[in-house]
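Thank you all for making the time this morning. I would like to walk through one model with you, moving from its core to its sheet and then to the contact between the chains.

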Amino acid sequence: MTERRGQWLRGVLDLCVLGLLRDHESYGYQLAQSLDAAGIGPIQGGTLYPVLLRLERSGLITARWREGTGGPARKYYRITESGQAALGRGGPDWQAFATSVTAIVTGGVDG
Amino acid sequence: MNADQWLHAFAAELHHDRVAPEDIRHVVAEAATHLRDGGGDPWTVFGPPDRYAAVIAESVGTRPAPRPGPVLLHAEGITKRYGRRTVLRDAGLTVRAGQIAAVIGANGCGKSTFLRICAGLASPDRGQVTLAGRLAYCPQQGGTADFLLPDEHFVLVGAGRGMTRSTARRAGRATARQLGWESADPVPARQLSGGTRQKLNLTLSTLNEPDILLLDEPYQGFDRGSYVNFWDQLLRLRDAGRAIVVVTHLLNQLDRVDLVLDLTPAVPGGRPCTG
């Protein structure tokens with residue numbers, strides 16, 4: 001079950017990150033906590049940071065180092081315009097996909 | 001392995017994977033803050049350093065390997081006999097700036113002899129060596145003076161190139177540090193451990209910024225961390241355009257070198273294998 005969740009996540013983690021960054025910037029550890037709090041489950045740094053780096057490299061998010069209040073410098077990520085656009089396309093895509101899967105799987109549950 | 005050691009190993013692996021130094025600094029700093037915030041075991045949070053480094057290298061991209069430069073060392077047709085025993089038969093090697101060559105082979109197959117011939121310390125019975133640039137040679141043993149302090153070694157060798165005492169000391173200490181050794185303590189060479197003496201030896205051979213570096217199994221007595229630092233240092237020197245020849249019997253590093261010369265002698269009835 002966990003392995004399957006891991007596989008699902010691999011397909012949508014970038015969209016989830018874009019979704020979390022839609023309204024405000026955030027840093028890696030905070031994103032991991034938000035994902036966990038949202039019910040997606042604990043995300044290890046080893047899974048999260050490569051996704052952040054890829055998003056950064058493809059220009060969907062930008063990053064800058066900033067001192068926290070009293071804390072150490074952290075790398076804050078912020079969504080770009082093309083990131084917003086990608087989220088605007090990817091969000092509905094996922095919804096349509098998830099609806100179709102739900103329809104099929106729910107049939108199985110009922111039968 | 002604690003978090004600091006994990007981060008150190010991770011940084012070393014990123015370096016091996018040719019991730020740009022700027023990216024390495026950021027990625028390692030970010031992993032460090034993440035570990036500080038979450039307090040988890042790095043092996044659970046990120047996994048083994050080498051595997052995570054490979055994933056990161058794929059995500060951020062890597063520098064292309066610099067194109068090898070001009071030929072700095074060319075040895076051809078090297079044959080050497082001791083009495084009736086032929087130690088080397090028609091051995092050859094060409095190393096360009098920005099390349100590491102490994103010389104391998106069983107014990108007694110002439111690896112050290114080949115290196116000494118390249119260094120001009122022994123003459124071949126046949127064949128010739130052509131060098132372009134300044135040469136440094138790090139022997140398997142010796143090369144240090146028992147009663148001198150590390151700093152005094154640096155000053156002595158640095159003087160050969162007209163370095164001032166303070167410049168030589170600074171350069172020596174900086175290089176030693178890259179090998180994981182704080183060399184400022186006033187300890188005479190004879191009181192250093194075998195591994196540390198080899199670090200001194202290595203430091204001396206790179207102090208004069210040679211173009212060609214010949215190393216004869218220079219890591220004897222190194223612990224694992226020192227061994228990693230040593231290869232890091234070799235890759236740095238390679239990227240800086242040095243031509244490096246390293247004698248080794250440890251084959252697990254061969255994927256990191258550019259050329260391999262296998263001096264294993266011909267098997268009776270088999271094919272000669274002289275590279």
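**Core, sheet and chain contact**

Let me start with one residue of chain B: if its neighbours within four places in sequence are set aside, B:Ala101 is in contact with B:Leu93, B:Val95, B:Ile244, B:Val245, B:Val257, B:Asp258, B:Leu259 and B:Leu261, where contact is taken as C-beta atoms, placed from the backbone, within 7 Å. Please keep in mind that this is a predicted model, in which local features need pLDDT of at least 70 and side-chain atom pairs count only at pLDDT 80 or more, while totals for chains, interfaces and linings use all residues. Residues are numbered from 1 along each chain as its sequence is written, and chains are lettered from A and ligands numbered from 1 in the order in which they are written.

Which residues of the largest nonpolar core touch the most other members? They are B:Ala101, B:Val103, B:Phe114, B:Leu214, B:Ile244 and B:Val245, out of 42 residues in that core; by nonpolar core I mean a set of buried Ala, Val, Leu, Ile, Met, Phe, Trp, Tyr and Cys residues joined through C-beta atoms within 7 Å. A residue is buried if 20 or more other C-beta atoms lie within 10 Å of its own, exposed if 12 or fewer, and partly exposed in between, with C-beta atoms placed from the backbone. Among the elements of chain B that each supply at least two residues of this core are strand S3 (99–104), strand S6 (212–216), helix H9 (224–239) and strand S7 (243–247), helices (H or I, at least four residues) and strands (E, at least two) being DSSP runs numbered from the N terminus. Because domain 2 (67–134 + 210–275) and domain 3 (147–207) of chain B both give residues to this core, it lies between them, the domain bounds coming from an automatic or database domain assignment.

Turning to the sheet, 5 strands of chain B form an open, parallel arrangement in the order S5-S6-S7-S3-S8, where two strands pair if DSSP finds at least two bridges between them. S5 and strand S8 (259–262) of chain B stand at the edges with a single partner strand each, so one side of each is left without a neighbour in the sheet.

Within the sheet, S6(B) pairs in the parallel sense with S5(B) over 4 bridges, B:Leu135 having B:Ile212 as its bridge partner, and with S7(B) over 5 bridges, where B:Leu213 is partnered by B:Ile244. Is S6(B) enclosed or open, and why? It is largely enclosed by the rest of the structure, because 5 of its 5 residues are buried; B:Ile212, B:Leu214 and B:Asp216 lie on one side, and B:Leu213 and B:Leu215 on the other. S6(B), H9(B) and S7(B) make a right-handed β-α-β unit, meaning that, with the strands pointing away from the viewer, the path from the first strand over the helix to the second runs clockwise.

Finally, the two chains: 13 residues of chain A are in contact with 18 residues of chain B. Helix H2 (28–37), helix H3 (45–57) and strand S3 (73–79) of chain A give two or more residues each to the side that touches chain B, and H3(A) gives the most, with 7 residues.
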